[in-house]
Amino acid sequence: MDYGLSTHLFVDERLSSHILDRVLGVGIRHIEAFAARQHFDYRDPNHVRDVAQWFDDHDLKLHSLHAPLYADFDWGQSGGPAVSVASLEKRKRIDSMEEIKRALEVAERLPFRYLILHLGIPGEEYALEKFDAALTSIEHLKIFAKERGVQLLLENIPNELSTPERLLEFIQYSRMDDLKICFDTGHAHIG
């Protein structure tokens, strides 16, 4: 069996060769980098280069990148908005798509197969209008991702918009049959 690990486990530390060596040292070769700027600063070309160099040196490919949840360095504690492709406010949705596109640009230097994406934020309530907002965002992001060899995966999270059942409903509603799901068992247990 192949095991994978998200660097979210180390999100309070800057992603470095030391962390990646520890992960590889226990035999894990499928790695998801968690795009939180205090951890993996996808906007910093030097940080991206250093992480890419580690993967090159170890003849490994980054398996996936988890899309950012916030654009800042402190998880929105300083008042920055959460990244949400389902926001009903057009400006917030556009800003969220731009932030996710910045993370997707990592694939130009550090190729990865999947971008893990949330619909909404934790605790968000369901509304059909949010499906419409997410549909517009994801259509745009799918094109941007495909140009970089990346496939979007929707992850279940503890909110009414992203239960496994609602994600399947969203795929049917959107008619995006090529859209896939990343099933997070931990999130499912919380729900």
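**Close-up views of a predicted model**

**View 1. Tyr114 lies in strand S4, residues 112-118.** Strands here are DSSP runs of E with at least two residues, helices are runs of H or I with at least four residues, and both are numbered from the N terminus. This is a predicted model, in which local features need pLDDT of at least 70 and side-chain atom pairs count only at pLDDT 80 or more, while totals for chains, interfaces and linings use all residues. Residues are numbered from 1 along each chain as its sequence is written, and side-chain values use heavy atoms, with hydrogens and water left out. With a relative accessible area of 14%, Tyr114 is buried (buried is under 20%, exposed over 50% and partly exposed in between, for a 1.4 Å probe and protein chains only). Setting aside residues up to four places away in sequence, Tyr114 touches His63, Ser64, Leu65, Val150, Gln151 and Leu153, where contact means heavy atoms within 4.5 Å. For a sense of scale, Ile171 is 57 residues from Tyr114 in sequence and 17 Å away in space, C-alpha to C-alpha.

**View 2. Glu99 sits in helix H3, residues 90-104.** Glu99 is buried because its relative accessible area is 3%. Its side chain makes a polar contact of 2.5 Å with that of Tyr42. Such a contact is a pair of N or O atoms within 3.5 Å; within protein, one must be able to donate a hydrogen and the other to accept it, and residues adjacent in sequence count only if both atoms are side-chain atoms. Beyond four places in sequence, the residues that Glu99 touches include Arg37, Arg43, Pro68, Ala71 and Val83.

**View 3. Arg148 belongs to the loop between helix H4 (128-146) and strand S5 (151-155).** The side chains of Arg148 and Glu108 are joined by a polar contact of 2.7 Å. Apart from neighbours within four places in sequence, Arg148 is in contact with Leu104, Glu105, Ala107 and Glu108.

**View 4. The whole structure holds 6 aromatic pairs.** Rings of Phe, Tyr and Trp (its six-membered ring) pair if their centres lie within 6.5 Å; planes under 30 degrees apart are stacked, over 60 edge-to-face, and the rest tilted. Tyr126, Phe131, Phe170 and Tyr173 form one aromatic cluster.

**View 5. Asp59 has a positive phi of about 50°, although it is not a glycine.** Most residues other than glycine have a negative phi. Asp59 is placed in the loop between helix H2 (45-57) and strand S3 (62-66), and at 70% relative accessibility Asp59 counts as exposed. Trp75, too, has a positive phi, near 55°. Its place is the loop between S3 and H3, and Trp75 is partly exposed, with a relative accessible area of 27%.
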